[in-house]
Amino acid sequence: MRKISLALVLAVLCVSLGGCFPVSQLNERILIQAIAVDYEGGLFDVTLQYFVAPSGENNNTDVTGSALISGQGENLSEAFRSIAVRSSQTLFFGHNRLLVIGQNALDQKFSEIIHFFNTDHQTHPNISILTTFTKASDIISNKIGQNTIRAQEIEETIKNVAQTGDSFMSTLFYVVKSHMDPTQQTAILKVQPIENFDDVRIVVDGVTLLKDGRIVAQGDVDMIRGINWIRSDIQKAVVTVEDADIGLISCESIATSAKTHVTIENGAPIVWVDVNNTCRVLEMQNGDPDFIQTKMQQVEQEVSAAIQAEMEHAIDIALYQNDCDVFDFCNYIRSQQTDYFLSFEDPSQIVPLIQVRTSVNTRIERVHPRTEYR
Amino acid sequence: MLGGNVRVRQLVVLLLVSRIFTTLTYIPQAGKSTSGLVTLLVNGAGIVAAILLALPAFVVFHKNKGQNVLDLSYTTFGRVGGSAVAGLYTLYFLACTAIAAAKFEYFVTTVLFPQSASAAVLFTVILTGAVIASFGLEGISRSTLVVMAVFVLSLAITVFSVFPIIHTYNYLPMAMGSLDKMVYGLLESLSQTAELAFFMLAASSIKGSFAKGYCAFVTITFAGFMLFYLLVEGSMGIFALSQPFPFYTLASIGEFFSFERQEAIHVSIWIFMGTLNIAIYVWAACVSASYWAGKLKKPVLIAAVGIVAFGLAWLLAGNLKLFADVLFAMRTLIPLAAVVFLVPLLLLVFSKRRAKKPCGK
Amino acid sequence: MLEQIKRRLQTKKRQKNPPGQTAFAPTNPQHLSGELTDMLIHIRRLFDNSGDLVCREIQIDGLNIAVLQCESMVNGERLNRAFILPATGLTFGANPAQEFSNWLQSEMVASTDQAVVHTYEDLFTFIMSGFVAVLVQGLNYGFALGMQGYAYRSVSEPNYEVNERASREGFVEPIKINMTMIRRRLKTPKLVFEMLKVGRVSHTDVCMCYQTDQVSRRTLEQVRRKLKTIDLDVVLESGYIQPFLEDGDSILFSSVGVTERPDTVCAKVSEGRIAVLVDGTPFALIVPYLFVENFQNFDDYSKRSYFGTFIRWIKYASFLFSVFLPGLYVAVATFHPKLLPPVLLFKIAAAEETTPFSLMLEALCIHFIFEIMREAGLRLPRPVGHAVSIVGGLVIGDAAVTAGIIGAPMVMILALTAISSFVVPSLYEASMVLRFAFIVLGGLMGLYGIALGSMIVLVHMCAQTSYGIPFLAPITPFSKWDMRDVLVRRDWKHLGKKTIQVQNMPGSSQTSEGKE
């Protein structure tokens with residue numbers, strides 16, 4: 001009897017304590033899918049793409065269930081507060097997948113923006129961060145026909161293209177990490193909307209380099225491949241070269257790995273990046289029955305040269321022209337040449353001294369028999 | 001209250017589970033402890049330091065099997081001295097309960113319920129800890145196998161999911177460590193291991209060798225710290241320092257096949273461990289208090305300990321400066337050294353003196 | 001003051017039931033007088049002229065004899081053939097009463113079950129158990145002849161423990177039939193049936209069944225003592241005495257098993273357990289009883305080991321679903337929606353968009369309605385049962401969802417929970433209570449509340465014992481050898497290698513003799 005009485009008292013206590021844990025039902029929340037942040041005239045302009053049940057009465061709702069809402073404020077907290085007040089719902093960041101930052105906001109308010117999202121307990125560290133030359137809100141408010149391009153679709157586009165090395169996942173985790181490290185600089189993927197027949201698609205447009213929270217350079221799409229080769233972030237890139245006899249040859253990478261080691265020569269750090277690339281031939285313009293015996297080695301060298309060119313291009317723009325180490329070279333120096341690293345009071349002084357030597361070793365593993373009319 | 005036979009393996013696993021929770025909810029910004037590969041050295045030193053701290057206890061419990069530090073205190077120092085020692089242990093474990101509850105509240109209100117009332121979290125967790133403590137040490141120690149199995153599974157998933165992003169260059173080299181940070185780190189990790197004091201009290205309930213159990217616990221604990229460090233820093237590098245709870249962030253960045261954002265599941269498992277962490281301190285405080293307040297019945301004792309611990313924890317949770325001061329005081333190792341080293345040493349010295357006294361005098 | 005009152009009440013209780021005397025034993029048993037007329041008058045008076053008492057007085061060679069029975073409890077044809085006809089042909093000498101007594105005890109083989117009765121209480125017990133009582137003028141004792149012929153349910157397949165590949169026999173109400181079913185399966189002289197009577201008024205027959213070479217003496221003594229000190233007037237079902245056999249710390253999960261199957265009883269008894277059979281009910285009790293036994297049934301052991309293992313895991317998963325699924329759903333959807341994949345979350349959000357109640361309230365209401373329907377389905381006559389299922393399906397499954405009172409995902413959760421709860425019927429009560437508790441905890445405090453509640457339940461189960469054996473053995477304390485019938489179901493070549501004795505489970509304080 002005593003145990004039952006105690007259990008009842010405890011149950012009543014627990015129920016009464018329930019009010020101390022604030023709760024919002026699902027229909028009282030804005031389920032944010034994407035956030036666009038612009039900065040104009042000293043004010044943050046935040047646009048949210050959120051989910052609304054298709055049966056809802058919101059006029060902004062389309063068939064896919066996405067709607068848009070925006071708000072302004074002197075800082076991000078005020079901007080989000082204005083949205084919450086207008087919608088009379090709680091903002092839920094837990095399912096936000098995308099953060100698009102306009103160039104102006106990126107250049108002037110980068111630290112503030114990433115600090116805000118880094119400290120928000122709901123925001124996931126793996127959200128993708130993108131930037132754009134146009135207004136950030138344009139990216140998440142574009143439509144395919146009647147329907148807003150959903151954040152998941154944009155994210156899937158970035159992920160799928162990342163496999164071929166033509167984009168990379170610039171996540172909040174990566175961005176904050178590179179921003180906090182005094183020896184590293186940040187590269188953020190740039191996208192833009194392009195018209196595709198009657199639709200609008202979001203495509204990767206290049207990369208924006210930031211140093212100390214300010215934009216220092218813009219890179220093109222080719223630069224992205226170079227960064228990915230060095231970081232060993234490529235799964236199945238297609239490299240096309242031209243041979244005098246065979247014409248165009250496309251090879252697809254099956255396995256790629258990059259090894260980095262550091263030596264010190266004449267007081268300067270030399271970073272050696274050796275890429276091993278295994279690939280298979282996808283397509284040859286003109287077939288050669290003796291390809292393996294006669295042409296394969298040459299093609300391998302040409303492919304290696306092409307990859308090396310992409311790497312050099314990325315290193316040239318980022319490191320040599322703008323002193324931006326987006327390749328983690330300083331981390332390798334710190335790890336492998338610690339004494340040299342510690343000899344600098346300010347480790348960021350190492351970046352301008354870095355020299356990179358790249359080498360690529362390509363091996364063609366498969367050549368499919370040619371399909372010819374007999 | 002003491003009762004029961006607990007196998008030494010069970011006790012080691014119980015205390016391991018309790019200590020792991022403290023590690024998982026470690027806040028880098030709270031102290032100035034070291035980071036980098038030098039952490040491995042610090043943890044190695046921690047094993048040695050913890051064993052050295054308990055050397056008097058090894059000798060005392062080897063000579064007096066089946067008795068704990070309080071039984072021996074009453075025998076050696078008499079009623080007044082024994083009560084004083086029991087009071088010291090009661091205060092120590094009350095403080096540990098309050099600190100553990102306050103840290104737990106900080107963790108829950110940061111990652112799960114930022115808008116919730118801290119009193120509600122403190123009340124629920126201390127109440128749960130008190131209820132669990134009332135089931136006795138045997139019941140608690142049996143439950144740890146299940147909790148440990150679930151935790152190992154969750155840890156395996158976390159490790160598997162973050163393995164691809166571990167890079168060796170994320171580890172700060174040993175040369176970047178400094179001696180004062182190493183010492184600070186050593187003091188901090190030792191001071192947070194109040195489970196060492198728990199051994200002193202549970203010595204009478206252990207079926208097995210006290211010394212072996214203690215050494216096994218210390219070795220596995222500090223080896224575990226090394227593993228956690230290697231995981232956290234290897235995958236997140238400097239990013240870990242920007243996070244209030246790096247291991248929580250680690251659990252959230254990993255993707256297990258198509259499952260992502262599963263950190264809430266991991267946190268639920270950690271809450272199991274957190275409640276055990278608080279429960280064992282409540283149990284220890286109750287056991288210590290029962291020596292000088294033996295007339296009180298068990299439920300009354302548990303309720304009293306729970307209420308006092310709640311009050312202290314509420315005080316700490318509501319006053320960050322006071323909390324920091326208390327943590328600093330614990331970090332000096334004086335409280336831990338008093339209960340783990342000093343009291344057994346005094347027992348050893350005084351029991352030898354009693355043995356030397358000729359009969360009849 | 002309170003202490004004084006308590007002491008006085010305790011003294012009065014002790015006077016009412018002096019120690020050493022069983023609760024049902026009368027303080028002053030009345031002996032038979034030997035004077036037939038007086039005895040019959042006394043019996044009729046005590047029976048209060050009850051209509052079912054049949055008393056036939058006959059004279060055999062001048063000797064007055066009374067034959068008493070309860071109407072329709074005796075096999076009349078056997079009575080006439082085996083006793084009345086041979087008795088009426090008897091002739092006596094100088095001491096007819098004694099001669100008749102000798103004839104009855106030595107020469108007459110009316111039944112093998114025969115007893116000599118000295119007191120009225122014993123007489124009544126035998127008469128009401130279907131015996132024929134014979135009283136003789138001049139003898140201060142009587143005879144009880146076992147000639148039962150009362151109607152009872154025939155042996156049929158048990159309703160609550162259905163198996164695909166196992167015996168179709170289940171226990172019935174008469175205890176003697178149940179005892180024969182066990183004896184037929186365990187043909188060993190070590191199998192002992194120890195009879196007791198429980199219930200001051202009902203004098204219900206209770207039988208302790210155990211194997212002397214397997215059982216723990218300490219456990220046996222504990223069970224015997226508990227049965228003897230049961231203080232009830234009437235015992236009509238084994239459930240009446242089940243709480244008396246449980247350990248004090250059993251709140252949620254019973255440490256006494258219940259079964260309707262004789263093969264299960266035999267298996268348990270051969271592992272050192274004690275079965276308690278109760279007359280009038282087909283449900284036998286088994287002690288000690290561990291948590292893992294709820295997931296073991298006969299089909300596991302008669303099928304292939306890999307399939308048995310798979311089914312075992314299904315049961316574990318079903319139990320966890322039945323307890324945690326609704327609470328987890330409420331907790332995750334309310335407090336931690338980021339755990340759900342986006343597409344699923346949006347579907348749930350769309351479904352809950354128009355519902356007026358919170359998820360917790362929905363879950364509580366729908367589960368409560370389900371319990372009402374389940375109870376109604378149990379009590380209703382079969383012809384009406386179909387109507388209930390149709391109404392239930394329509395009301396909950398369709399109308400409520402269409403009307404927007406309840407979301408469709410919640411109905412799915414209910415369906416899965418309900419099906420899962422019937423996979424392990426022995427844990428239904430506990431799982432139902434826990435389910436509601438976790439719904440409330442999940443709805444108020446999310447996964448945090450569920451974690452706290454789970455921890456309390458887990459430690460409670462770990463602290464619970466069943467006659468000195470940890471309730472969660474062999475999971476914790478862990479025993480690799482004993483886990484061969486828990487996590488997996490090893491084949492019989494492995495299971496049969498070593499005799500299992502429940503008292504030798506890890507952590508047990510009731511080790512078998514010779515090992516203490």
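This report describes the fold of chain A and the domains of chains A and C.

The model is predicted: local features need pLDDT of at least 70, side-chain atom pairs count only at pLDDT 80 or more, and totals for chains, interfaces and linings use all residues. Residues are numbered from 1 along each chain as its sequence is written, while chains are lettered from A and ligands numbered from 1 in the order in which they are written.

**Chain A overall**

Chain A has ten helices and 15 strands. Helices (H or I, at least four residues) and strands (E, at least two) are DSSP runs, numbered from the N terminus. Along the principal axes, the C-alpha atoms of chain A fill a box of roughly 85 × 65 × 60 Å. Of the 374 residues in chain A, 41% are buried (20 or more other C-beta atoms within 10 Å of the residue's own, with C-beta atoms placed from the backbone). Contacts are pairs of residues whose C-beta atoms, placed from the backbone, lie within 7 Å. In chain A, 70% of the contacts with a separation of 6 or more join residues 24 or more positions apart.

**Domains**

Domain bounds come from an automatic or database domain assignment.

| Chain | Domains (residues) | Distance between C-alpha centres |
|---|---|---|
| Chain A | domain 1 (26-219), domain 2 (233-367) | domain 1 to domain 2: 32 Å |
| Chain C | domain 1 (36-146), domain 2 (175-300), domain 3 (304-463) | domain 1 to domain 2: 34 Å |

**Where the domains of chain A touch**

In chain A, 14 residues of domain 1 are in contact with 19 residues of domain 2. On the domain 1 side, β10 (199-211) and β11 (214-219) of chain A each give two or more residues. β11(A) gives the most, with three residues.

Key
A residue is buried if 20 or more other C-beta atoms lie within 10 Å of its own, exposed if 12 or fewer, and partly exposed in between; C-beta atoms are placed from the backbone. Two residues are in contact if their C-beta atoms, placed from the backbone, lie within 7 Å.
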